[in-house]
Amino acid sequence: QAMEREVIAAFGKGDPDEIMSSAFKLKVTREDIHTLRNLCWLNDEIINFYMGLVMERSKKEEYPAVHAFSTFFYPKLISGGYKAVGRWTRGVDVFKQDIVLVPVHLRAHWTLAVIDIRKKTIKYFDSLGQKGDKICQTLFQYLQEESKEKRNVELNISEWTLHSMGPHEIPQQLNGSDCGVFVCKFADYISRGKPMNFSQTHMPYFRKKMVWEIIHQQLL
């Protein structure tokens, strides 16, 4: 009940610019938090902050090592090629990670690409069941360049599997507004190695839970 009260307060009236949480060089305002209400669309700030929480949790021993790119990474890669994002991994060795998460924004829809370095797979998760084969290919090309540039190692495409998850393989949204929440929960479950046993019916609960997690900077 105490948690419920905090969520209601966060959704309440107040200065839209009030900072409700700050970490990972990011700030989340009351206005950002309000995108988690009812059927609002999540914005970049919420998704990036949540990915930050997933990365933070992955530093604990029992979890796979996770790196998550910002929502601005993929558009930058598309518009400027590898040159535009080569410096994004200055402090990170992508190939020492277990999992690399890439949130992708397609006009009015959020999806998630997941690079599993251990299994040599790139999988595309879309809660509307659309294919993202081209996105997987673009990310593989990125990895090839990153590997050449940073390790002087050629990646062999024949060793890798690129796959768009079908609607029968992952939970699907049944409305036009929960894609961002699905992306965050895909990231959450994948980064814990858990089966995706959630569905559309869990979304109102997940939205409230995310408000609490962001304010307290801690995943439940």
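**Terms and their grounds**

Author: The side chain of Q173 reaches the backbone oxygen of N175 at 2.7 Å. This is a predicted model, in which local features need pLDDT of at least 70 and side-chain atom pairs pLDDT 80 or more, while totals for chains, interfaces and linings use all residues. Residues are numbered from 1 along each chain as its sequence is written, and side-chain values use heavy atoms, with hydrogens and water left out.

Reader: What makes the approach of the side chain of Q173 to the side chain of S127 a polar contact?

Author: The distance is 2.5 Å. A polar contact is a pair of N or O atoms within 3.5 Å, where within protein one must be able to donate a hydrogen and the other to accept it, and residues adjacent in sequence count only if both atoms are side-chain atoms. The pair of Q173 and S127 therefore counts as a polar contact.

Reader: Why does Q173 count as buried?

Author: Its relative accessibility is 7%, and buried means under 20% relative accessible area, exposed over 50% and partly exposed in between (1.4 Å probe, protein chains only). Q173 lies in the loop between strand 7 and helix 6; helices (H or I, at least four residues) and strands (E, at least two) are DSSP runs numbered from the N terminus. Beyond its neighbours within four places in sequence, Q173 is in contact (heavy atoms within 4.5 Å) with residues including H109, L128 and F182.

Reader: Why is helix 6 called roughly perpendicular to helix 7?

Author: The axes of helix 6 (residues 179-190) and helix 7 (residues 203-216) cross at roughly 75 degrees and come within 11 Å. Angles of 65 to 115 degrees count as roughly perpendicular, those under 35 as roughly parallel, those over 145 as roughly antiparallel and the rest as oblique, so the term applies to helix 6 and helix 7. Axes are lines fitted to C-alpha atoms, for helices over the stretch in contact, with angles running from 0 to 180 degrees between N-to-C directions.

Reader: Which residues make that contact?

Author: Helix 6 supplies V181, F182, C184, K185 and Y189, and helix 7 supplies M203, F206, R207, K209 and M210. By class, the contact has 7 nonpolar, no polar and 3 charged residues.

Reader: How do you know that the length of helix 7 agrees with its number of residues?

Author: The expected span of a helix is 1.5 Å times one less than its number of residues. For the 14 residues of helix 7 this gives 20 Å, and the end C-alpha atoms are 20 Å apart, so the two agree. The buried residues of helix 7, among them W212 and I214, pack against helix 1, strand 1, strand 2, helix 2 (30-33), helix 3 (44-57) and helix 6.

Reader: Is V7 buried or exposed?

Author: V7, found in helix 1 (residues 2-11), counts as buried because its relative accessibility is 5%. Leaving aside neighbours within four places in sequence, V7 is in contact with K208, V211 and W212.

Note on methods: Nonpolar A, V, L, I, M, F, W, Y, C, P; charged D, E, K, R; others polar.
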